[in-house]
Every structure is written in structure tokens, then in C-alpha cells.
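Open the structure in your viewer and keep the selection tool at hand. Each stop below tells you what to select and what is there.

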Amino acid sequence: MIAAWYDSQGPAQDVLQLGELATPRPGPGEVRVRLSLSSINPGDTKKRRGWLGSSMTYPRVVPHSDGSGIVDAVGSGVEQSRVGERVWVFGAQSYRAFGTAAQFTVVPEWQAIALPDSVATEVAACLGIPGITAHRAVFGDGSVEGKTVLVQGVLGGVGSLAAQLARWKGATVIGTVRTAADLEQARASGTDMAVALDDPNAALQVREFAGGGVDRIVEVAFSENIDFDAAVAKNDTVIAAYGTREDRPSLPFWPMLFDNVTIRLLGSDDFSREVKMMAARDLTEAVSVGAMSISVDDPMPLDRIADAHDRVDAGTRSRVVLQIPE
């Protein structure tokens, strides 16, 4: 099969290679997916760069965890009827060497999710890691119906999906952006209120809109935003954080203690199978009924994988996907 891989960590242009690898075979309980699109997440490029001093987990890595395609073979214990099924996959390169930057990938069958005909292939390819993270951030502490959810970084990959999922399930959503220049785009994304963090009155605006404080906070930059989060919290607020600028953040302990704030930290690779399956079900339903959309760039060919990685590292807000050759 045609695939992209790296044998050492480093800059995309230096380490990513394209060529032929042996086509994998599905083992017991697994399916093989003939991929059409491979989606690139920031976590994929961090692994390739050696982020936070991480090392090569495998001698050779075919990157990317998310993608979409057609089941073309199944292992023992899997219904043969799954062959030919249109699916989206997640976690293909989570604790595994070979991900979706190839013509074929093999995953446990529960990580290949049946895809309704109404959902575009490029949207399906982008549901995995950001969607499952967003789902857990929003629903990890129960229903949000009738609650107010603050989404920090609402224009980001996880933040935009979290905002849409929360509104779909009956929450009032407040979204933040870094500067006032992004407010128009944030309002157009469908939030009930958008605020810019460079506005000195932003916390006051959120508290007033929320009637005293927010119920849930979806947090992309814990260390940078924690004072703001504490300022808009109320009794029993939950902060669900999936990112931080500093690895040892400080926080305003006493104000948060008196508000009985809960801090939930999210590492999506290690969510339980039950949590991931629940998220996959809801994400598929949300996109199939039009409750959620994703901005996706035009697919780039697989042989431009290094350019695609550089685009993700540059911080593009649209999702970057690779077209897998037939």
C-alpha cells in the first residue's frame, strides 16, 4: 500500500517520507478500512516533533489517528456484513504504530463508526479526537440542558465542536476569543454570546449574561485563563480542561474553594471505551441531523503531507485533511 511515515522525530519536511509499505491484515475483533481521507490533528504533529520531550514509541510511525473510508476486510469475530460499510475511524494511531496516513488502516471494530449517507466524507474524517474530547468536556459531568456553558477558544477545533454539542443538548453557550477582531466570526458560529478576552470588562459581561456565573467551562488554556474562569464561576461550576500553556499552572485556590469548583482534566487517548462509544454515537447523530458542522480545507494530496503538517503547526482554524490515493 501507499503510505506516509517517519522513522525519527523532527521537522515535517525532514522526517516525513512517502512510499510503499505492506498492507496490514485485521486480527481478531478488528476491521481494515480502505481510507479516502486522513485528518491531521495538532496531537499528530506534536508526536512527530517530539513535543514535551516525547520519544518514538515505535521504530516507524504512520501518523494520524482520524480518517474516513470503507471497511474492506474483517478479522475473526467480526460480522462479514461490515465489509463495504462506510465509516469514520478514530484512535488509529493511539497506542498503535500505523495510523490513517495510508491507503489502509486496521482498528478494533468499535473504533470504525458506521456513517450515514447524509454526512460528507470530509466532515466524518474530522470527528475523532477533537469531537470525542469536546463531547467529554461538555457531558463528562452530566446533562447541560438548561445550563450555561462557557467555551474558551470557541473558534478552535475542540472549542467549536463543544459549543455546537452544548447548544444541541439545550445549553446556553458563551464563547470566548482572544481579541475583538475575532468577535464577528465567533458570533457567526452560533454562540448565544461572544466575548473577547482582551476586553477588560469581559468577565463582568459573562457574569451578567449568565445571571451570576456559568455552570460549565470548557478550557483550552488552563494556566492562561484560570483567573478569568474563577471570576465567572459560581457554586459548583465545573472546569473541564484539555490544554494548558504552562505545565505547572497556579490558580486562585480560595475563591475557587468557596465556589466548590470542580476541575476535570481530559486526556482523550485514555478515555474509557464506554465514554468513546457514547461520544461516537452522539457525534454521528449530531452531524447527521445538521446540528454540527466543521470547517474543512480542500483536501491536500498525501504526497504533500509535510506541507499539511506545517499548516497545522502554523495554527490554521480550518481542519486539514489529506486525500488518500486509490
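The tour goes from the sheet to its helices, then to the cores, a loop and a pocket.

This is a predicted model, in which local features need pLDDT of at least 70 and side-chain atom pairs count only at pLDDT 80 or more, while totals for chains, interfaces and linings use all residues. Residues are numbered from 1 along each chain as its sequence is written, and side-chain values use heavy atoms, leaving out hydrogens and water.

**Stop 1: the sheet**

Strands (E, at least two residues) and helices (H or I, at least four) are DSSP runs, numbered from the N terminus. Two strands pair if DSSP finds at least two bridges between them.

Zoom in on E8 and E9, which pair over 4 bridges. Thr148 has Thr172 in E9 as its bridge partner.

**Stop 2**

Axes are lines fitted to C-alpha atoms, for helices over the stretch in contact (heavy atoms within 4.5 Å).

**Stop 3: the cores**

Which members of the largest nonpolar core touch the most other members? Select Trp88, Val151 and Met292, out of 48 residues. Such a core is a set of buried Ala, Val, Leu, Ile, Met, Phe, Trp, Tyr and Cys residues joined through side-chain atoms within 4.5 Å. A second, separate core of 35 residues includes Val78, Ala102, Ala112 and Ile305.

**Stop 4: a loop**

Go to Gly27, in the loop between E2 (17-20) and E3 (30-40). Gly27 is buried because its relative accessible area is 18%, and buried means under 20% (1.4 Å probe, protein chains only). Beyond its neighbours within four places in sequence, Gly27 is in contact with Gly75 and Ser76.

**Stop 5: H5 and its pocket**

Finish with H5 (157-168). H5 gives 5 residues to the lining of the second largest pocket, the largest share.

Methods: Buried < 20%, exposed > 50% of the residue type's maximum accessible area, 1.4 Å probe, protein only.
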